[in-house]
Number of protein chains: 2
Amino acid sequence: MPYGFTSKILKVDLSTENVEIKKFDESFYRKFLGGRALALYFLLKELKPNVDPFSPENRLIFATGVATGIPLPGMNRYCVAAKSPLTNTFGESYAGGFFGPELKFAGFDAVVIEGKAEEPVYLWIHDGEVEIKKATHVWGQKTKKATETIRREVKDLRARVAAIGPAGEKLVRFANILHDMKYANGRCGLGAVMGSKNLKAIAVRGTQKLEFADKEKIVELAKWAAKAIKDMPGPHSRWKYGTAAVLLPLNELGLLPTRNFLDGEFEYAEQISGEKMAETILIGRKGCYGCGIMCKRIVRGKHPYETDPDYGGPEYETLAAFGSLCGVSDLNAISYANMLCNAYGLDTISTGVTIAFAMECYENKILTKEDLNGLELKFGNADAVVKLVEMIAKREGIGDILAEGVMRASKKIGRGAEKFAIHVKGKEVPMHEPRGKKSLAIAYATSPCGADHMQSAHDTLFERDVKKILPLGVFKPLDGTYLGSEKVRMFMYLNMWWSLFDCLGVCKFVVTPHPVAVFSISQLRDVVKAATGWDITIWEMLKTGERAITMARCFNIREGFTKNDDTLPERFFEPLRSGSMKGEKISKKEFENALKLFYEMMGWNLETGVPTEAKLYELDIGWISNFLKQVK
Amino acid sequence: MPYGFTSKILKVDLSTENVEIKKFDESFYRKFLGGRALALYFLLKELKPNVDPFSPENRLIFATGVATGIPLPGMNRYCVAAKSPLTNTFGESYAGGFFGPELKFAGFDAVVIEGKAEEPVYLWIHDGEVEIKKATHVWGQKTKKATETIRREVKDLRARVAAIGPAGEKLVRFANILHDMKYANGRCGLGAVMGSKNLKAIAVRGTQKLEFADKEKIVELAKWAAKAIKDMPGPHSRWKYGTAAVLLPLNELGLLPTRNFLDGEFEYAEQISGEKMAETILIGRKGCYGCGIMCKRIVRGKHPYETDPDYGGPEYETLAAFGSLCGVSDLNAISYANMLCNAYGLDTISTGVTIAFAMECYENKILTKEDLNGLELKFGNADAVVKLVEMIAKREGIGDILAEGVMRASKKIGRGAEKFAIHVKGKEVPMHEPRGKKSLAIAYATSPCGADHMQSAHDTLFERDVKKILPLGVFKPLDGTYLGSEKVRMFMYLNMWWSLFDCLGVCKFVVTPHPVAVFSISQLRDVVKAATGWDITIWEMLKTGERAITMARCFNIREGFTKNDDTLPERFFEPLRSGSMKGEKISKKEFENALKLFYEMMGWNLETGVPTEAKLYELDIGWISNFLKQVK
């Protein structure tokens, strides 16, 4: 048994109620490390091409990584993956919190689910055992009620419950999965996949201890990390203002997505800032398993938008998506929209972008009051935003169309609505402006799961950040608006590095080059070595990151995606309307050159975007090559 | 100043007698690390394309690496590089011994020499200073006499003297450079480049201390290494039998190059073995700076082949080249031939292969007694071998033609002699049989300096060796005769790893996966970190290895080499005539497929073999791209 893992993977077929426990050898774990790569292994090996994401054949995978459950800051994340109903690509979404570690304490590195239950069910996984339990009585419930009911039923109030809300049940294409009502596997519509399987929730509880190869080293690292977090200078700490700490600086830089990405600056930014939240509705802070950074918010919104603190509080992404992007300056309304998303099980980013899309349609008279149940959907109308969230979750009125995401909704609406649909491969663009952080242009275009901000550290890297990535090579700070070869190289390295985090189950906040990073690149290697006992190197680790990127790309190619799908919405090729970056745009030529360079750097064919056979063999996943040949 | 370096590079123009000391910033040292990569930097930046290797414009570079001079086993090597007169490619050759560390103690990381002295000179480098001194009186002298004369003149008997012998002066295309008469920068004819510049020797002496970032860690590693060497099991130790320890096992495997690569087994192998040497002529063992492995031999050959112990003793390569490859079983004669090579300054491998070539020509009546000053040049004629070494060194009779190396000699001789010329790109194939260690097929064909056995660990990797390269990825043992995708991957990784050693100045014997390895992959990183203080990773280090390979390839492309030059002698596509591998050959199709895979893995264009622009940018040597464009 490799240290740091449970060495058991749980396979559940909801159609047959068949349950199987699979064991793999150490080289399997070493090659994939967990999370993203592990999930892709099953998706590539088991899922047939061109399956409808809502078909029982789709796989839904909950995968921890080697780091998940190590008692150190940020070592608590897990991946949920499936073929995404939002994008038809590889779908993935990560959460921290407590579910991942608990799954390992319950004896499993991962759960691979297929089939569809005849009637709603939930899984109860506890200390090496699994039960498929009826969920008809919790079906239709919001996440809090469902979670509480299930906890009572399994007679363990400390069970961690990852549940979908009504939105997932209704197959909203950007429905998410929440555990403990506030830790979201937010993106790619994986909650809808769960809904399509009639799976309301997974409850886990475990008391098994993870064995590590070098416990003393982990204790030493824990002490070191505790002090490092304590010593963090105030402004860099995510404790004080949470992820929202970045909102005002981004606004200052002219990079706060505003009014559906028309503007780079929001005149009411202060009112939706982390600072404002701390002064007004913040009533607590929360961290994830083993982590003292405490970046999570607990809020209580005020009249007329009272909120339930059990649903947590808005992140930066949520504040921007429901705030600046919709032109909304009412922090209480935003918190309320956030609570609705967590209660109904909706991704706040996609929901906000979808509403902002509808707003721009309204402002351009493509949607009218009649289309909108009488809503006056101007930018800035907070009440309308709140109303629309609920309509989307319930698929009521226009909500039924918007629940399909901006790509499908814009096609259905027609009349030129497509140009207001800010997405890549069907996934709504998150709250990071590629026109001023241009590595995001490549990130969004090439991310295997559509527009995603978690594929790489963003740019505008300052000297201090650049020093932190020195262990990967010699780098120098590059301007955010630059999109030449050095930017592509930096992106490629950080892309592999971040992909590695998604295999390991490590939070991107605690590792360099994030400004609040606790661990250096070399320390992350020490962590993995201490956990597993492997004399592993950053070379091998980064290659796993690259392996996962390549596997994901092969998955998409098998699904029919080509390099023509590696695009950006037209909006980003047009100048920003306001803010300090006013006038800045992405040059199509620069973008195309950057893409080509990136393909070649990654060992992808320039004409087709398909990873070369040699690259697959080099990454020790030659079997995918045979398999791609069959598909073509 | 970066720790571990002197930060000074000495530039000497022998034509103008201009001397310059250059300083580079820390990022330069970090990007190139030294040795191979550093030398290539100067060759690419300073040398114009298509210069005659014997022209004054050629650069001759002595380059240490970051590890050179660290008081640890195997940290003593340095690179000599130039455009090679043997191959017209990048020429490189490494030596251990004491010269490299001494150069650093004298205050210089490297010496870059250009121009041609009007009359013979030598350089005297001591504690930060350099003098160009007349050498007319030592010109023509064998290495021992020249070394002794120079030491007396500079009034320092502890000066390290790297000298050429008469062969280098006479521009024998495989003349070498020897320091202290026995540590050879053997291959690629760099001694002839030195001769072409009228440079007889470089004497160095230094008393400066190298500063390291973490002296305690180095002391700790030194203690650890001393014990590790002490604990090495006998059979794996190179102390007992030197490099010749591999001779009998290779013969057993059918992989001892015999009779110009016709045979894989030599019936008199025992008589030329390390074991036999230890029983007969061995009178001492010697190590390099800081190294307790003591792989070097000191011998005293017996009548009629008395030898001078100051010239050391034969390595495995020499024993096989003058022994089995020429069918010679007389250890005394081989030792004598070895001494002649060290006295005249000849590469023992190229000399032996050239003589074996002439022998096969003789056996096939392409050369006759008349051509050979009456020598009966049958395989096995030890006396004739000894005679020919001297004739080559002095360019006497047939020796004048053979002094050009087998490629040129075979063309000159004609009459079908080409098929007996076992070389790649003009460099004679060393004593490792690619038909049974098939990764060598790719190594020989793609090595930037022609057939070379130091570009990668050879294959037939056993379980124990494979475990040692685990820190780079998951590997499994592969049969020596296998030449598929997994072999190509393993070769690629080891190729980068060994290229890194040549940048660092580390002996390949002390690092994994060599059977007598002292240091693991991770420990090598610890060494570099302790020396420099950089939080460097194996990723960055291996990328430097890859960078150097890529720079060397670009150098060759600029000189007009194409993928058509990445070939093997026909002999290796024909079956081995004897031994346990009898009948084994390289399949042309497998070889071509392997080459293609390797190109693609390395980011080289499949059609042209030229590194892609993206690869150059990825390796942070984009400037070479502009420069290749100009050349094309």
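Biologist: At what angle do helix α12 (residues 331-344) of chain A and helix α14 (residues 382-394) of chain A pack, and how far apart are their axes?

Modeller: In this predicted model, the two helices pack at about 5 degrees, and their axes are 9 Å apart.

Biologist: What makes α12(A) roughly parallel to α14(A)?

Modeller: Angles under 35 degrees count as roughly parallel. The angle here is about 5 degrees, and therefore α12(A) is roughly parallel to α14(A).

Biologist: Which residues of α12(A) and α14(A) meet?

Modeller: From α12(A) come Ala333(A), Tyr336(A), Ala337(A), Leu340(A), Cys341(A) and Tyr344(A). Their counterparts in α14(A) are Ala382(A), Val386(A), Val389(A), Glu390(A), Ala393(A) and Lys394(A). By class, this contact has 10 nonpolar, no polar and two charged residues.

Biologist: Why are α19(B) and α21(B) called roughly perpendicular to each other?

Modeller: The axes of helix α19 (residues 485-504) of chain B and helix α21 (residues 538-558) of chain B cross at roughly 90 degrees and come within 7 Å. The range for roughly perpendicular is 65 to 115 degrees, so α19(B) and α21(B) are given that description.

Biologist: What classes of residue make up the contact of α19(B) with α21(B)?

Modeller: The contact has 10 nonpolar, four polar and one charged residues. Among those from α19(B) are Met496(B), Trp497(B) and Leu500(B), while α21(B) contributes residues including Met541(B), Glu546(B) and Ile549(B).

Biologist: Turning to the two chains, how many residues does each give to the contact, and what area is buried?

Modeller: Chain A gives 34 residues and chain B gives 34 residues. About 3100 Å² is buried between them, 62% of it from carbon and sulfur atoms. Of the area that chain A buries against chain B, 23% is supplied by Val474(A), Trp539(A) and Glu618(A), more than by any other three residues.

Biologist: What makes the meeting of the Asp620(B) and Arg489(A) side chains a salt bridge?

Modeller: The N to O distance is 3.6 Å, and the cut-off is within 4 Å; the pair accordingly qualifies as a salt bridge. The count between chain A and chain B is two salt bridges. Across the interface there are also 12 residue pairs in polar contact.

Biologist: Which elements give two or more residues to the side of chain A that touches chain B, and how do its residues divide by class?

Modeller: The elements are α1 (26-32), α19 (485-504), α20 (521-532), α21 (538-558), α22 (588-602) and α23 (613-618) of chain A. The residues of that side comprise 16 nonpolar, seven polar and 11 charged.

Key: Residues numbered from 1 in each chain as written. Chains lettered and ligands numbered in written order. Predicted model: local features only at pLDDT ≥ 70, side-chain atom pairs only at ≥ 80, totals over all residues. Heavy atoms only, no water. Contact = heavy atoms within 4.5 Å. Buried area = accessible area lost by both parts, 1.4 Å probe. Polar contact = N/O pair within 3.5 Å; in protein donor to acceptor, adjacent residues only side chain to side chain. Helix = DSSP H or I, 4+ residues; strand = E, 2+ residues; numbered from the N terminus. Nonpolar A, V, L, I, M, F, W, Y, C, P; charged D, E, K, R; others polar. Axes fitted to C-alpha atoms, helices over the stretch in contact; angles between N-to-C directions. Parallel < 35°, antiparallel > 145°, perpendicular 65-115°, else oblique.
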